[in-house]
Amino acid sequence: MGINVINPGLATTIQDLGRPGYYHLGIPIGGAMDRFALHCANLLVGNDEGAACLECVFMGPELEFTQDATVAITGADLPPKVDGEPQDTWTSLKVKAGQVLSFDFLKGGARAYIAVSGGIDVPVQLGSRSTYAIGALGGYEGRAIAAGDTLPVGQDAGVAEGRSVPAAMRRMPTGPVELRMIPGLYWHRITKEAGEHFFDDMWKVAPECDRMGYRFRGGRPLDFVPREQPFGAGSDPSNIVDACYPYGSIQVPGGTEPIVLHRDAVSGGGYFMLGTVISADMDLIGQMQPHTETKFVSVDMDQALNARHERADALQKVRDVLV
Amino acid sequence: MSIEIFSPLPGTFYRKPAPDQPVYKESGDAVAKGDVIGLVEVMKTFYEVKSELDGHIDVFLVENEDPVQAGQPLAKLKG
């Protein structure tokens, strides 16, 4: 019993809130690229907030249910259909055994979360059901779902249909995106002028944007402060002696195209980092399509912590409505 | 009857399987259901865009290497 995958979509994976605690061993934190959307999807169907959902990117899967279930789709504006009938996003709905959930073309955002009452019940590995595909860990046999898979589903919590996250409480980028970041780590490696035009320039999300990182293009190349490269660093001025890469850190290989590391990132290496995108804005990156215009905005630690509290409050407001 | 083929996802549209290869289809070419008419690249993945019916390509609506949105028409077919 569970869900039969008729068409998997582009790279649909099982994700929960991830597996923090192993990054120092090279195992990324993983989990949903838009954690707020995953929390909301689970709340809508009466699951624990960290239950495993399907994360689909840019296009939806086609799924046949073999048992009755309550389902909710949050995150990207990816219009769901049950047996061809259009349904609302951010709203709980009933799907009966034998019915097929499919999706229309993406209208906005990048990643949609499909929560099913009871959660996707694949084995827990290192504390999480999240799929880390390049490490063949977690999820469904360590990979994106494929046609012919049957996904196990837990016990139905049986909440009502029609429960909805109010529109004002949803979060989705519209128009150019501002990503707040704290300069630091290796900021001193670039010139003052380069530091200024990094924030002045309009960047665009490159097509190379995935669960490991988001690459940006379109700004001017960064000039480096001349130095004799230390022992252990490569010869390129953007190289450093190998260091830890934090989640959200911004590396700029060759000084040309910034890459923001995301949930499935490598944990260390030899590129300098300009700074780190604040945790409150990481979900937003998960909803950015290629070619989205982006500006980086400098903030300090107090502003970053305030923004984190605002996001926690926003989630609490959703709980107040739904629980 | 004129029918459009839509991009299923956002990315970059290619009319060729590789830079040194000929295009999949020219305007006026016959297509059968399931024929690949182009690729959309996103996240280092190339997704094949296929025709959903038999007919002829009337016209391509986007150029090779153009950025495309999900649901954007890529070509017109004559049934």
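Close-up 1. Helices here are DSSP runs of H or I with at least four residues, strands are E runs of at least two, and both are numbered from the N terminus. What you are looking at is a predicted model: local features need pLDDT of at least 70, side-chain atom pairs count only at pLDDT 80 or more, and totals for chains, interfaces and linings use all residues. Residues are numbered from 1 along each chain as its sequence is written, while chains are lettered from A and ligands numbered from 1 in the order in which they are written. How many residues of H1(A) are buried? The count is 11 of the 11, so H1(A) is largely enclosed by the rest of the structure. Among them are Arg35(A), His39(A) and Asn42(A), along with Phe36(A) and Leu38(A). (Buried means 20 or more other C-beta atoms within 10 Å of the residue's own, exposed means 12 or fewer, and partly exposed is in between; C-beta atoms are placed from the backbone.)

**Close-up 2. H1 packed against H4 in chain A.** Two packed helices are described by the angle between their axes and the distance between the axes. For H1 (residues 35-45) and H4 (residues 301-322) of chain A, the angle is about 10° and the axes are 10 Å apart. H1(A) and H4(A) are therefore roughly parallel to each other. From H1(A), the contact uses Phe36(A), His39(A), Cys40(A), Leu43(A) and Leu44(A); H4(A) answers with Arg311(A), Leu315(A), Val318(A), Arg319(A) and Leu322(A). Sorted by class, that makes seven nonpolar, one polar and two charged residues. On the terms: axes are lines fitted to C-alpha atoms, for helices over the stretch in contact, and angles run from 0 to 180 degrees between N-to-C directions. Under 35 degrees counts as roughly parallel, over 145 as roughly antiparallel, 65 to 115 as roughly perpendicular, and the rest as oblique. Residues are in contact if their C-beta atoms, placed from the backbone, lie within 7 Å. Nonpolar covers Ala, Val, Leu, Ile, Met, Phe, Trp, Tyr, Cys and Pro; charged covers Asp, Glu, Lys and Arg; the others, Gly among them, are polar.

**Close-up 3. The largest nonpolar core.** This core has 98 residues, and those touching the most other members are Cys40(A), Ala41(A), Cys53(A), Val71(A), Tyr113(A), Ile114(A) and Ala115(A). H1(A) gives the most to it, with eight residues. Both domain 1 (3-168) and domain 2 (177-313) of chain A give residues to this core, so it lies between them. Zoom in on Ala115(A): skipping residues up to four places away in sequence, its contacts include Ala41(A), Leu44(A), Cys53(A) and Val71(A). (A nonpolar core is a set of buried Ala, Val, Leu, Ile, Met, Phe, Trp, Tyr and Cys residues joined through C-beta atoms within 7 Å.)

**Close-up 4. Where the two domains of chain A meet.** The domain bounds come from an automatic or database domain assignment. The C-alpha centres of domain 1 and domain 2 of chain A lie 29 Å apart. Across the contact, 18 residues of domain 1 of chain A meet 13 residues of domain 2 of chain A. On the domain 1 side, H1, strand S5 (69-77) and strand S10 (108-116) of chain A each supply at least two residues. S10(A) has the largest share of that side, three residues. By class, the domain 1 side has eight nonpolar, seven polar and three charged residues.

Close-up 5. Ile285(A) is in helix H3 (residues 282-285) of chain A. With 24 C-beta neighbours inside 10 Å, Ile285(A) counts as buried. Leaving aside neighbours within four places in sequence, Ile285(A) contacts Leu179(A), Tyr214(A), Val260(A) and His262(A). Tyr214(A) is 71 residues away from Ile285(A) in sequence, yet 7.7 Å away C-alpha to C-alpha. Pro80(A), in strand S6 of chain A, is buried too, with 22 C-beta neighbours inside 10 Å.

**Close-up 6. Positive phi in two loops.** Most residues other than glycine have a negative phi. Asp83(A), though not a glycine, has a positive phi of about 50°. Asp83(A) lies in the loop between strands S6 (80-82) and S7 (85-86) of chain A. Is Asp83(A) buried or exposed? Its 11 C-beta neighbours inside 10 Å make Asp83(A) exposed. In chain B, Glu65(B) is not a glycine either, and its phi is positive at about 70°. Glu65(B) is in the loop between strands S6 (55-60) and S7 (67-68) of chain B.
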